[in-house]
Amino acid sequence: MEHPVLTAAIRQAAKSESKRLKKENKLPAVVYGKGYETTSIAIDEKELYRILKTQGESSLINLEVQDQTFPVLIKEVQRNILKDTIDHVDFFKVSMDEEVEYNLPIFLIGDAEGIKMGGVLQHQKREIAVKSLPGDMLDNIEVDISTMEIGDTITVADLKVDEKNTILDDPDEVIVTLLMPSIEEEEEEDVDVLEEGEEPELVESDKEEEEEEEEEE
């Protein structure tokens, strides 16, 4: 599998650099790892967004820094929630012969049978923690929900990956479940509707008062 290449330039680790980088459409970042001195770098903003869009945050990237090219993983992405932009990225240099832990995205495929019967699908876990050698990392895992009926649940234990990857999460954790629809029963009061021309029935006390008035007359 061919991994994306991202070119980086060494930068000064100063706050004043942020404004300059922003004008040049670049992002501040840092790369570190076993046997590699922590280095402040600048990366092309558009190139990073392209990689994130096509490969995701868990993909292996070949980072070019000056005359070196080595594999890295994205360790952390600092985002500006209000502006929906990226402020900073941490890269972790990996060794191709040492296992790494990474998050594997979960994609649901198919149309669940239970939804056609009115069931409500809840996708509770959208990624799982996995361990493998960098060269054996998976892009994603697909979960077929087409046979799910109301009351069915898929857990981590139901997921299958190849022998080169090991799932680290609790097997009992729920990935997706199909629930019964919630029905709110409203109590309706019975209301007697009088037909046109019909007089309301007098209560007993009213009848007695009316008879007494007639006798006095």
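Strand E8 (residues 120-123) and strand E13 (residues 174-179) form an antiparallel pair over four bridges, where strands are DSSP runs of E with at least two residues, helices are runs of H or I with at least four residues, and both are numbered from the N terminus. Two strands are taken to pair if DSSP finds at least two bridges between them. Within this pair, Val120 has Leu179 of E13 as its bridge partner. The model is a predicted one, in which local features need pLDDT of at least 70 and side-chain atom pairs count only at pLDDT 80 or more, while totals for chains, interfaces and linings use all residues. Residues are numbered from 1 along each chain as its sequence is written, and side-chain values use heavy atoms, with hydrogens and water left out.

E13 also pairs with E11, in the antiparallel sense and over three bridges. Here Ile154 has Val176 in E13 as its bridge partner. Strand E11 spans residues 153-155 and includes Thr155. Thr155 is buried, its relative accessible area being 18%; buried stands for under 20% relative accessible area, exposed for over 50%, and partly exposed for values in between, with a 1.4 Å probe and protein chains only. Apart from neighbours within four places in sequence, Thr155 is in contact with Pro171, Asp172, Glu173, Val174 and Ile175, contact being defined as heavy atoms within 4.5 Å.

For the chain as a whole, the secondary structure amounts to four helices and 13 strands. Of its 217 residues, 32% are buried. Contacts between residues at least 6 apart in sequence join residues at least 24 apart in 64% of cases.

Four strands make up an open sheet with mixed pairing, in the order E10-E7-E9-E12. Strand E10 (141-144) and strand E12 (166-167) stand at its edges and have a single partner strand each, so one side of each lacks a neighbour in the sheet. Strands of a sheet pair through backbone hydrogen bonds, in either a parallel or an antiparallel sense. Strand E7 (residues 100-109) and strand E9 (residues 127-132) are antiparallel and share six bridges. Tyr102 stands opposite Val130 of E9.

Ile106 also has its place in strand E7. With a relative accessibility of 4%, Ile106 counts as buried. When residues up to four places away in sequence are not counted, Ile106 touches His123, Lys125, Arg126, Glu127, Ile128, Ile141, Val143, Leu159 and Ile175. Between Ile106 and Asp139, 33 residues apart in sequence, the C-alpha to C-alpha distance is 9.6 Å.

The largest pocket has a volume of about 580 Å³. The lining of the largest pocket comprises 25 residues, and Leu73, Ile74, Glu101, Tyr102 and Asn103 are the closest to its centre. Strand E5 (68-80), strand E6 (85-93), E7 and E9 are the elements that give two or more residues to this lining.

Phe92 lies in strand E6. Phe92 counts as partly exposed, at 25% relative accessibility. Leaving out neighbours within four places in sequence, the contacts of Phe92 are Tyr32, Gly33, Pro71, Val72, Leu73 and Lys75. The C-alpha atoms of Phe92 and Pro71 are separated by 8.5 Å, and the two residues are 21 residues apart along the chain.

Gln66 is not a glycine, yet its phi is positive at about 55°. Gln66 lies in the loop between strand E4 (61-65) and E5 and is exposed, with 64% relative accessibility. Asp84, also not a glycine, has a positive phi of about 55°. The loop between E5 and E6 holds Asp84, which is exposed at a relative accessible area of 67%.

How values were computed. On a 1 Å grid over the protein atoms alone, a cavity is a set of points where a 1.4 Å probe fits but cannot get out, and a pocket is an open set with protein on both sides within 12 Å along at least five of seven lines; lining residues have an atom within 4 Å of a point. Grid points are joined across faces, edges and corners, and a volume is the space filled by probe spheres set on the points.
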